[in-house]
Amino acid sequence: MKILRYTTITAALFLITFSNAQDPIKISVQEDAEAPIVSKHIYGHFAEHLGRCIYEGLYVGEENKIIPNTEGVRNDIIAALKELDIPNLRWPGGCFADTYHWKDGVGPKENRPTIVNRWWGGTTEDNSFGTHNFLNLCEVLEAEPYLSANVGSGTVQELIDWVQYTNHDGISPMADWRRENGREEPWKVKYWGVGNETWGCGGNMTAEYYADIYRQYATFMPGWSGETEVYRIASGASEDDYHWTETLMKNVPHELMEAVALHDYAVFDWNDKGPSINFDEEIYFKTMEQALNMEEYVAKHIEIMDKYDPEGKVDLFVDEWGGWYDAEPEVANGVLFQQNTIRDVMIAGTVLNTFNNHARRVKMANLAQMVNVLQAVILTDEEKMIKTPTYHVMHMYKVHHDAKLLPTKVEDNMEYRGLPVVSVSASKDEAGKVHISLVNIDPEKNVEVEVDISTLDIKKIEGNILTSEKLQDHNSFDNPEKVTPKEFKDSKLKKGKISIAIPAHSLIVLQGS
Ligand code: AHR
């Protein structure tokens, strides 16, 4: 009798275990006429005067005869960024922005004063990379410039002069000065940040005080530049500072503010960020826990915005995001220079899925930062340049630029130490092609998923995968192609359902046509 009971229990347990192991995670992808367009600006970038991002990275100087360049900007970087179709670029900071006086960076280079980069290593810069270099670069890249203006140590006049200098096409003191400096046509800059992290490095302000300051700056920004629309972005909250967003939404008239920002880095301990390559599983888990918090932060900031702005006039811009680890010690002037591994693929894939899924309100995001700083897409070492694993994520996700969001639903997601294992987003482009981006963050286990696309007219599935044997794998100057996307052939489409086993720590983008 006892033996029989034991056998029955064992069989039942076996069945449960067996069926759990076999049950795929169910994902449905559906069309919804009301769904938003995934703005290409979600795939924006950020370049600050910090470490080797601008000087010794992007910009090597007009006189450089060793590294081929256009107006001092490396041609290899320009080519790599063009392949990404980068939609916008934020500059000059970051914390640096609230110390930057733009007038010191225009006119003959030999007359420009120096500036001490007090936030980032105290280096003395010669102001040789200025407004003209940046805006001309954006033109070459066909990217919208996003100028981050100095509120912390600047003046209203300084900002409105910058607007006039870049945008006015008539006769005016600033437009005339621009012409004297060699640029006839205005650049027509649309995106303007009014201060950066004004709760911290931008002036240690309270939300209430900044809301008032913001109103003052924003009042004088439009109206100097003819027809150019000026899109004003309020310096936003960090992570879960909902009071900040609520105060701005409540205290600033919405006709003065086109967007509110948000900053959120995947850093698990500000005092001990851990290594960028040789991290262990515990650090990986904590980093992913932080990265996945983006979902909650974005959802809750949007909830507040919906309360005060139900018509959705004010956008949310996550204008700084990415993984942040300890800098690699051996790199000279390597302030915030870190390597980029499969962990960064997991961060980028999951965070971008979050942005896509919240495209109704998230209209821009800027990965921090573009070259040699934090979760960079490009690393340089003198004349050498490599594309990081994050570069490849941005390239694979390009298919979502300005495509219509297809809402997705995940049923019975599995867990990795309490975190949801699979992240997904999907969109349909103008040609009718469907793209589904899937991430499995589990460091060790493959996961089976079944994607129901039966309501979409799809006959053929193709795909690409980005992964590597170890989470710590990365591209180096000696082995620049270690982590690159490969064709993914292991998906099966049957009766409107795609079956896939997503390998551990990997990212897949499927295309259905
Ligand atoms: O991206 C690095 C720094 O992070 C930026 O300067 C600042 O805005 C943020 O704290």
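**Close-up views of a predicted model**

**View A. Strand 1 and its pairing partners.** Strand 1 pairs with strand 23 (residues 447–452) in the parallel sense, over 4 bridges. Strands here are DSSP runs of E with at least two residues, numbered from the N terminus, and two of them pair if DSSP finds at least two bridges between them. Strand 1 itself spans residues 25–29, with I25, I27 and V29 on a covered face and K26 and S28 on an uncovered one. The model is predicted, with pLDDT of at least 70 required for local features and 80 or more for side-chain atom pairs, whereas totals for chains, interfaces and linings use all residues. Residues are numbered from 1 along each chain as its sequence is written, and side-chain values use heavy atoms, with hydrogens and water left out.

View B. Around the ligand are 13 residues, of which E48, C95, E197, Y265 and E320 come nearest; a residue counts as near if one of its heavy atoms lies within 4 Å. By class, this shell holds 7 nonpolar, 3 polar and 3 charged residues. The nonpolar class comprises Ala, Val, Leu, Ile, Met, Phe, Trp, Tyr, Cys and Pro, the charged class Asp, Glu, Lys and Arg, and the polar class the others, Gly among them.

View C. An N or O atom in the side chain of E48 is 2.7 Å from an oxygen atom of the ligand. For Y265, an N or O atom in the side chain is likewise 2.7 Å from a ligand oxygen atom. The protein covers 94% of the 280 Å² of accessible area that the ligand has on its own (Shrake-Rupley method, 1.4 Å probe).

View D. N446 lies in the loop between strand 22 (434–440) and strand 23. This residue is exposed, with a relative accessible area of 52% (exposed means over 50%, with a 1.4 Å probe and protein chains only). N446 and I502 are 56 residues apart in sequence, yet their C-alpha atoms are 5.4 Å apart in space. An unreviewed UniProt entry annotates residues 319–506 as "domain: Alpha-L-arabinofuranosidase C-terminal". The end C-alpha atoms of residues 319–506 lie 26 Å apart, and the span is 13% helix and 37% strand, where helices are DSSP runs of H or I with at least four residues.

Note on methods:
Buried means under 20% relative accessible area, exposed over 50%, partly exposed in between (1.4 Å probe, protein chains only). A polar contact is a pair of N or O atoms within 3.5 Å; within protein, one must be able to donate a hydrogen and the other to accept it, and residues adjacent in sequence count only if both atoms are side-chain atoms. UniProt positions are given in the numbering used here, feature names are shortened, and annotations may be inferred rather than shown by experiment.
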